[in-house]
Amino acid sequence: MEAFVSLANGLSVAIQPMNLLFALIGVLLGTAVGVLPGIGPALTVALLLPITFKLDPAGSIIMFAGIYYGGMYGGSTTAILINTPGESASMATALEGNLMAKAGRGGPALATAAIGSFVAGTFATLGLALLAPYLVDIAVSFGPEDYFALMCVAFVTVSATFGDSPVRGLTSLFIGLLLGLVGIDILSGQSRLSFGVPELYDNIEVTTLAVGLFAVGEALYVASRRHVHEEKLEAVRGSLWMTKEDWKRSWKPWLRGTAFGFPIGALPAGGAEIPTFLSYATEKRLTKHPEEFGKGAIEGVAGPEAANNASAAGTLVPLLTLGLPTSATAAMMLAGFQQYGLNPGPLLFAEKPDLVWGLIASLFIANVMLLVLNLPLVGLWVKLLAIPQPWLYAGILVFATMGTIAANPSPVELVMLTIFGVLGFLMRRFDFPIAPVVVGLILGPVAESQLRRALSISLGDPMVLLQSPISATLLVIALIALVAPFALKSLGRFKAVED
């Protein structure tokens with residue numbers, strides 16, 4: 001009951017005219033970047049961080065959440081029409097959605113994706129509102145050693161989840177942790193790794209790193225590639241509306257997709273790709289029309305797209321209650337919180353309840369906005385694909401540079417932006433994941449301070465990390481998560497040799 005009272009208070013914040021405007025801008029931008037292949041919500045939030053640092057914190061964070069939800073919606077449009085997912089989480093949607101479009105049923109495919117996203121997003125946001133207070137109550141009882149162990153779990157799971165290789169993920173994480181050491185040590189007051197540059201005494205700006213890695217790095221990477229073929233747009237033929245039979249075949253996959261997406265998205269190693277493919281496999285097994293799978297089955301669009309959007313709300317559970325980002329966009333949103341001096345976690349619910357519950361309530365409004373906007377504006381979103389890539393990425397470079405200079409008017413910041421851009425390009429070129437670097441920079445100093453607090457309280461006894469049941473359990477989970485990918489890889493090689 002308390003959650004519903006807090007949600008009602010949050011709704012009074014979310015319906016304020018300026019916050020509604022921020023939500024509308026967010027969902028429009030999110031849908032647009034979701035449609036454009038290669039430009040995801042993480043890159044968009046990174047670009048907007050420097051230019052929103054003087055705006056209202058509640059409005060800016062509501063806009064970032066709208067971008068996240070809109071990006072998940074928009075990715076389905078190109079996945080269905082041109083078999084090019086705007087986001088990796090839309091890959092499962094493309095399997096059947098593009099076949100439906102080629103068969104002249106692009107309208108119902110887009111409709112079931114939009115309505116399924118709305119249903120899943122609504123139920124998942126309600127789950128977030130109900131679950132968050134309980135997790136906050138648990139997190140309040142955490143000591144410094146427990147928080148350090150929790151950070152270890154986040155480091156390992158994020159590194160193992162992003163990218164194809166755990167070693168590459170861990171390497172990216174250690175780059176972020178190294179960057180997190182730059183600046184003045186809080187306890188001793190000594191400068192570390194600043195090389196006498198005054199601008200580095202206040203630590204490396206997360207916004208500069210994010211914009212460099214995501215925006216500049218992506219632009220350089222795209223410029224280095226040559227396209228061998230052009231995408232062919234599939235016109236939306238026939239009615240956009242679903243038939244009675246389409247509704248009958250879609251509503252159960254929507255609910256099952258939500259059941260997959262929300263809990264898996266809320267896990268530290270969750271993400272959206274796993275629940276979407278689980279949903280696709282489940283619908284393929286349960287369908288009464290198995291002959292349509294591989295030819296354009298509507299269940300293969302409804303279920304994965306619902307799982308995709310439910311997982312987006314799921315990732316906000318650990319972000320808001322524990323301060324742990326489990327996706328690249330969540331890491332950017334965490335940077336947005338810290339830009340305003342806010343640290344997501346249990347204390348945020350006590351110190352800034354209006355902001356947190358306003359954000360949660362705004363997700364319901366964003367869902368309605370996306371449903372109303374998505375279907376009528378399909379033609380507009382498709383036309384975005386006609387923007388020449390040189391123009392698009394040149395604009396991104398200009399926007400990134402101007403935003404960084406506006407936020408931190410210093411030649412040093414511009415040099416750092418260039419260095420991080422080259423680093424981002426090289427990491428993409430050699431298939432190193434980007435998100436662990438940002439996570440390492442944001443959470444590394446937090447983990448260090450919690451560890452040093454725990455050691456100070458215990459007079460330097462490292463066994464304090466194992467004396468608390470919570471920290472001991474979390475460290476065991478982190479160890480298992482670290483060893484498991486290597487063990488599974490070795491087992492696979494062993495079986496291959498036997499065969």
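This note sets out numbered points on a predicted protein model, for a reader meeting the structure for the first time.

1. Basis of the note. The model is predicted, so local features are required to have pLDDT of at least 70, side-chain atom pairs count only at pLDDT 80 or more, and totals for chains, interfaces and linings use all residues. Residues are numbered from 1 along each chain as its sequence is written, and side-chain values use heavy atoms, with hydrogens and water left out.

2. Overall make-up. The protein chain holds 21 helices and two strands; helices (H or I, at least four residues) and strands (E, at least two) are DSSP runs, numbered from the N terminus. Of its 499 residues, 55% count as buried. Buried means under 20% relative accessible area, exposed over 50%, and partly exposed in between, with a 1.4 Å probe and protein chains only. The chain exposes about 21,700 Å², of which carbon and sulfur atoms supply 69%; accessible areas come from the Shrake-Rupley method with a 1.4 Å probe, and for residues only the protein chains shown count as cover.

3. Contacts along the chain. Among contacts with a separation of 6 or more, 79% are between residues 24 or more positions apart. Contact here means heavy atoms within 4.5 Å.

4. The largest nonpolar core. This core has 135 residues, and F214 and L443 touch the most other members. A nonpolar core is a set of buried Ala, Val, Leu, Ile, Met, Phe, Trp, Tyr and Cys residues joined through side-chain atoms within 4.5 Å. Helix α6 (residues 106-140) gives the largest share of the core, 14 residues. Not counting residues up to four places away in sequence, F214 touches A42, L43, A46, A328, M332, R428, I434 and V438.

5. The second largest pocket. Its volume is about 710 Å³, a volume being the space filled by probe spheres set on grid points that are joined across faces, edges and corners. On a 1 Å grid over the protein atoms alone, a pocket is an open set of points where a 1.4 Å probe fits, with protein on both sides within 12 Å along at least five of seven lines; lining residues have an atom within 4 Å of a point. The lining comprises 33 residues, of which D202, N203, Q338, L441 and P445 lie nearest the centre. At least two lining residues come from each of α8 (166-180), β1 (183-184), α9 (206-224), α13 (328-339) and α19 (435-457). Helix α19 provides the largest share, seven residues.

6. G176 lies in helix α8 and counts as buried at 0% relative accessibility. Which residues does G176 touch, not counting those up to four places away in sequence? They are V437, G440 and L441. The C-alpha atoms of G176 and V439 are 6.9 Å apart, although 263 residues separate the two in sequence. Q450, found in helix α19, is buried, with a relative accessible area of 13%. Leaving out residues up to four places away in sequence, Q450 touches P144, Y147 and F148.

7. R249. This residue lies in helix α10 (residues 244-266). Is R249 buried or exposed? R249 is buried, with a relative accessible area of 12%. Its side chain is joined to that of E299 by a polar contact of 2.8 Å; such a contact is a pair of N or O atoms within 3.5 Å, where within protein one must be able to donate a hydrogen and the other to accept it, and residues adjacent in sequence count only if both atoms are side-chain atoms. Apart from neighbours within four places in sequence, R249 is in contact with H289, E292, A297, I298 and E299.

8. P41. Helix α3 (residues 41-48) contains P41, which is buried with a relative accessible area of 1%. The C-alpha atoms of P41 and L29 are separated by 8.7 Å, the two residues being twelve apart along the chain.

9. Positive phi values. Most residues other than glycine have a negative phi. L193, which is not a glycine, has a positive phi near 55 degrees. L193 is found in the loop between β2 (191-192) and α9 and counts as partly exposed at 40% relative accessibility. D431, likewise not a glycine, has a positive phi of about 65 degrees. D431 is placed in the loop between α18 (411-429) and α19, and at 41% relative accessibility D431 counts as partly exposed.
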